[in-house]
Amino acid sequence: MYEESNEFSPKRVISYARVSTGAQAASGLGTEAQHRAVHAAATGQGWNIVDICTDDAVSATIEPAQRPELGAALERLDAGKADLIAAVRLDRFVRSIRDLQNLLDLSSSGGWEFFCLDVPISSDVPAGLFMRNVVGAFNELERSLTSGRTKAALAVARSQGKRLGRPSQQSSEAKDLATALHAKGLSLYKIGVALEVAGLCTATGKSAWSPSSVRSLLRTAQLDQEAQANAARYAAELHRP
């Protein structure tokens, strides 16, 4: 049951936590640790935690209002059932300037605040807006740089003939037969029938081949061929005088 607030009562706070992966949940930034940190900060400020909400395995790329728990919390804030929502870090809320600006607009129009322990400045003062935009810009830059480094590393790995992704579970016999039949112009359905007649199973051990499983097999075979070709080119370059 939510309490009504007045200008003399402590701020009513919703504690928010988010993790995007199971591995992150097991790290020092698990949701329980996040809520504990927010609770300690709220106690120090004399605020009351009136609710907690947690988004497990939810990416920061999803807009705040579209996340299951955060979206519901924003509705409660707009309804006047809390005064402030707090998280341990700004990137628990947003990781882009656009989403940060949207969240600032929501808090301004709804008459509530949001608070982050790593940028402990209220969102209802100009200095707070400025600092949050600066931190948000650095977060977005860091994400872009990380993405760029990852793409560059993957490109180098491909050029060296390294097979990316999960190891193929398809047999070489199935890939060779499907590739040969596909080169002759047979449909996915007919290739599947041929694979069944040959007694070759799918990666999951099924004897029946659907068009989608044949398509996946052909894609796997194509990736294998590309990796082999890239490996050959890379080896030739290494031995080039």
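Six salt bridges turn up in this structure, which is a predicted model. Let's go through some of them, then look at the nonpolar cores.

**Charged pairs**

| Lys or Arg partner | Asp or Glu partner | N to O distance |
|---|---|---|
| Lys-11 | Glu-113 | 2.9 Å |
| Arg-12 | Asp-83 | 2.9 Å |
| Arg-95 | Asp-91 | 3.5 Å |

Start with the salt bridge between Lys-11 and Glu-113. Lys-11 sits in the segment before S1 and Glu-113 in strand S4, so this contact ties together parts of the chain that are 102 residues apart in sequence. How exposed are the two ends? Glu-113 has 12% relative accessibility, so it counts as buried; the cut-off for that label is under 20%. Lys-11, at 28%, counts as partly exposed.

Asp-91 is buried, with a relative accessible area of 9%, while Arg-95 is partly exposed at 30% relative accessibility. Which residues join them in a network? Through salt bridges that share partners, Arg-89, Asp-91, Arg-92 and Arg-95 form one network.

As background, side chains of opposite charge can pair when their charged atoms come close.

**Nonpolar cores**

Now for the nonpolar side of things. The largest nonpolar core is made of 19 residues, and Ile-85, Phe-93 and Phe-114 are the ones with the most contacts inside it. Which elements give two or more residues to this core? They are strands S1 (12–19), S3 (84–87) and S4 (113–116), along with helices H3 (68–78), H4 (90–93) and H5 (97–110). H3 is the top contributor, giving four residues.

Another core, of 10 residues, lies apart from that one; Ala-178, Leu-181, Trp-209 and Leu-217 are among its members. In general terms, nonpolar side chains tend to be buried together in soluble globular proteins.

**Putting the two together**

Some names come up in both parts.

Conventions:
Residues numbered from 1 in each chain as written. Predicted model: local features only at pLDDT ≥ 70, side-chain atom pairs only at ≥ 80, totals over all residues. Heavy atoms only, no water. Core = buried A, V, L, I, M, F, W, Y, C linked by side-chain atoms within 4.5 Å. Buried < 20%, exposed > 50% of the residue type's maximum accessible area, 1.4 Å probe, protein only. Salt bridge = Lys/Arg side-chain N within 4 Å of Asp/Glu carboxyl O.
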